[in-house]
Amino acid sequence: MSRARTWPAHVILTAGALVMIAPFVWQVVVSLQTLPDSLRVPPKFTPSWEWSNFPEVFRSVPLARQFVNTVVVTVGVTAGQLLLCSMAAFAFARLRFPGRGAIFMVFLAMLMVPGELFIIPRYEIMQGLGWLNTLQALIAPGVFGAFGTFLLRQFFLTLPKELDEAARLDGANPLQIYWHIMLPLVRPGLLALGLLTVMWSWSSLLWPLVVNTDPEMMTLSAGLASLRGQFQTNFPILFAGSVVASLPVIALFVVMQRQLIAGIAFTGSKG
Amino acid sequence: MLSKREWVWGYLLIAPMALGLGVFYLWPIAQTLYLSFTESGVFGGHTWVGTDNFTELLGDDQMRDALGNTLLYAVLVLAGVPVAIVVAALLNVPGLRGMSVYRTLYFLPVVTMPAAVGLTWRYLFNGDFGAINHFLGELGIDGPYWVGDPDFAIYAIAIVGVWSSVGYNAVLFLAGLQGIPRQYYEAASMDGAGRLRQFFRITLPLLTPTTFFVLVITMINALQVFDLVYLMIDLNSPALNGSRTIVYLFFEKGFVQNQRGLAAAIAVVLLGLILVLTAIQFRLQKKWVHYE
């Protein structure tokens with residue numbers, strides 16, 4: 001196909017792309033404006049290089065603490081998901097045991113249930129454990145996931161049968177087969193699940209909002225929500241916080257986008 | 001090779017996940033169902049009240065509004081799905097340079113936390129100094145107060161909902177498009193069918209399994225919208241009456257007003273709604289989804 005025929009596509013895609021990124025550019029611009037500039041009519045579309053908004057937001061809320069909280073929770077949840085999901089997925093895909101099909105169906109059924117059904121009882125569990133306003137309250141429920149088990153099972157299923165048989169003849173037990181032979185081979189699946197989990201965990205709002213009400217124990221999502229309550233229409237400050245909160249995942253995505261997109265496309269093809 | 005040792009390993013390896021799902025998923029489902037028939041006391045504890053919560057919701061204006069707002073939001077976001085098909089089809093144009101750059105840009109809203117997205121759009125939609133009304137003004141249109149107006153708030157939120165999911169859906173559609181054998185297009189070209197005709201006669205029908213999948217997950221996600229409403233609409237704005245969704249009401253009842261039993265009943269209604277609407281979608285798919 002000659003390049004001459006692709007220009008209409010370029011025109012439409014570029015126009016759409018502008019709509020996609022304009023709010024981000026705008027957010028960064030306003031995060032560098034003074035308060036009066038940000039409220040001007042008509043809007044001022046250039047920054048006034050007010051860098052002090054950034055230290056200001058760190059002073060007004062424990063943003064640094066919330067940043068660390070979010071990193072700890074995201075790393076904990078992601079590491080837990082990768083380990084526990086891959087263990088279960090390996091067992092479902094490569095081992096035979098009574099009740100395997102039935103148990104797997106129960107796992108799948110949980111994918112259908114909206115997350116709101118879990119929240120009140122989980123809250124009461126955390127309350128009972130004295131875990132309200134702790135990071136483990138955010139990590140513990142997050143490391144378990146039917147979706148991750150299902151996703152990784154699909155990857156384990158694609159590996160050839162001869163692999164386990166050969167390893168068994170060499171006297172390897174299932175744990176060794178899982179860890180030394182299979183796990184390295186499903187690395188693309190682990191990467192996809194890992195990236196999706198990082199994305200979800202970093203952004204999740206409702207559960208953190210409910211269970212950790214102390215600003216010191218909040219994640220960035222909930223922190224931004226409480227910042228909104230504090231600063232109302234001081235958008236330069238709000239946006240300075242937003243930029244800090246959303247930049248890490250955007251950066252991770254730009255670096256790892258091929259793997260993340262492959263993972264998402266994969267969930268579609270198996271759905 | 002079904003040895004007893006293999007059983008033991010199987011159970012050992014699924015045990016942690018099964019236990020966790022039991023504690024954090026299965027038990028909460030049962031508990032929420034139970035709580036929906038109870039009232040929580042001031043000092044904790046639950047009293048059985050039968051179906052009182054559900055009858056209360058039936059006559060509750062806020063619940064009726066929330067149901068209407070949520071369904072309207074879902075319809076609006078579903079109506080935005082064709083945008084993703086067009087984007088995917090354009091990204092799939094043979095010989096298109098810079099495809100991955102476009103894909104990255106369209107995907108940016110997907111990876112950005114909804115809290116930050118909500119704050120940004122709350123500013124853009126501001127009635128007085130927002131950029132959107134400024135541009136509308138240039139076109140001679142007097143824009144409404146969007147996030148401050150109960151009649152427009154849900155539309156503003158739905159625009160953001162579409163904006164932030166186009167990239168995700170386009171990636172799913174792109175994968176579907178790449179699964180359509182090229183020979184179909186070659187054969188159609190030889191028969192003299194133009195690009196547009198090929199799109200409607202080959203692409204759209206063969207894409208229907210993906211379209212179905214996207215519609216189902218988009219609907220399920222839309223029915224659970226919370227983050228955008230929470231960040232875009234001020235907590236005591238009158239616009240909340242026109243934009244309070246089911247999950248928002250769940251959050252208010254359960255964790256602001258501490259009416260846990262009532263909140264549990266709202267969650268159960270949401271589950272029922274999702275199950276029924278998903279079942280309807282599965283029923284309807286036989287009429288329009290082409291499986292090869």
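**Figure 1. Burial and overall build of chain B.** Of the 292 residues in chain B, 42% are buried (20 or more other C-beta atoms within 10 Å of a residue's own; 12 or fewer counts as exposed, anything in between as partly exposed, and C-beta atoms are placed from the backbone). This is a predicted model, in which local features need pLDDT of at least 70 and side-chain atom pairs count only at pLDDT 80 or more, while totals for chains, interfaces and linings use all residues. To find your way around, residues are numbered from 1 along each chain as its sequence is written, and chains are lettered from A and ligands numbered from 1 in the order in which they are written. Among the contacts in chain B with a separation of 6 or more, 71% join residues 24 or more positions apart; a contact here means C-beta atoms, placed from the backbone, within 7 Å.

Figure 2. The average pLDDT of chain B is 93, and 99% of the residues score at least 70; pLDDT is the predictor's confidence in each residue, from 0 to 100. Within chain B, helix H9 (residues 182-190) has the lowest confidence, with a mean of 89, and helix H3 (residues 61-79) the highest, at 97. For the complex, the predictor gives an ipTM of 0.91 and a pTM of 0.93.

**Figure 3. Where chain A meets chain B.** Here 76 residues of chain A are in contact with 73 residues of chain B. Helix H14 (residues 235-270) of chain A supplies the largest share of chain A's side, 15 residues. By class, that side has 56 nonpolar, 13 polar and seven charged residues. For this sorting, Ala, Val, Leu, Ile, Met, Phe, Trp, Tyr, Cys and Pro are nonpolar, Asp, Glu, Lys and Arg are charged, and the others, Gly among them, are polar.

**Figure 4. A helix pair across the two chains.** Helix H13 (residues 220-231) of chain A packs against helix H6 (residues 114-124) of chain B at an angle of about 25°, with the axes 8 Å apart. H13(A) is therefore roughly parallel to H6(B). The axes are lines fitted to C-alpha atoms, for helices over the stretch in contact, and the angles run from 0 to 180 degrees between N-to-C directions. On the H13(A) side, look for A:Ser221, A:Leu224, A:Ala225 and A:Arg228; their partners on H6(B) are B:Ala115, B:Ala116 and B:Leu119. These contact residues divide into five nonpolar, one polar and one charged.

**Figure 5. The largest nonpolar core.** This core has 162 residues, of which A:Ala88, B:Ile157, B:Ala170 and B:Ile266 touch the most other members. A nonpolar core is a set of buried Ala, Val, Leu, Ile, Met, Phe, Trp, Tyr and Cys residues joined through C-beta atoms within 7 Å. Helix H8 (residues 153-178) of chain B gives the most to this core, 14 residues. Zooming in on B:Ala170 and leaving aside neighbours within four places in sequence, you will find contacts with B:Ala84, B:Val87, B:Ala88, B:Leu91 and B:Tyr106.

**Figure 6. B:Leu270 and its neighbours from both chains.** B:Leu270 sits in helix H13 (residues 260-288) of chain B. B:Leu270 counts as buried because 24 other C-beta atoms lie within 10 Å. Not counting residues up to four places away in sequence, B:Leu270 touches A:Pro114 and A:Glu116, along with B:Leu223 and B:Ile246.

**Figure 7. Backbone details in the loops of chain A.** The peptide bond from A:Val41 to A:Pro42 is cis, with omega near -10°, and A:Pro42 belongs to the loop between helix H2 (35-38) and helix H3 (53-60). A:Asn133, a residue other than glycine, has a positive phi near 60°. A:Asn133 lies between helix H6 (116-129) and helix H7 (136-139) and is partly exposed, with 15 other C-beta atoms within 10 Å. A:Gln232 is not a glycine either, yet its phi is positive, about 50°. Its place is the loop between H13 and H14, where A:Gln232 is exposed, with 11 other C-beta atoms within 10 Å.

Technical notes: Two residues are in contact if their C-beta atoms, placed from the backbone, lie within 7 Å. Helices (H or I, at least four residues) and strands (E, at least two) are DSSP runs, numbered from the N terminus. Angles under 35 degrees count as roughly parallel, over 145 as roughly antiparallel, 65 to 115 as roughly perpendicular and the rest as oblique.
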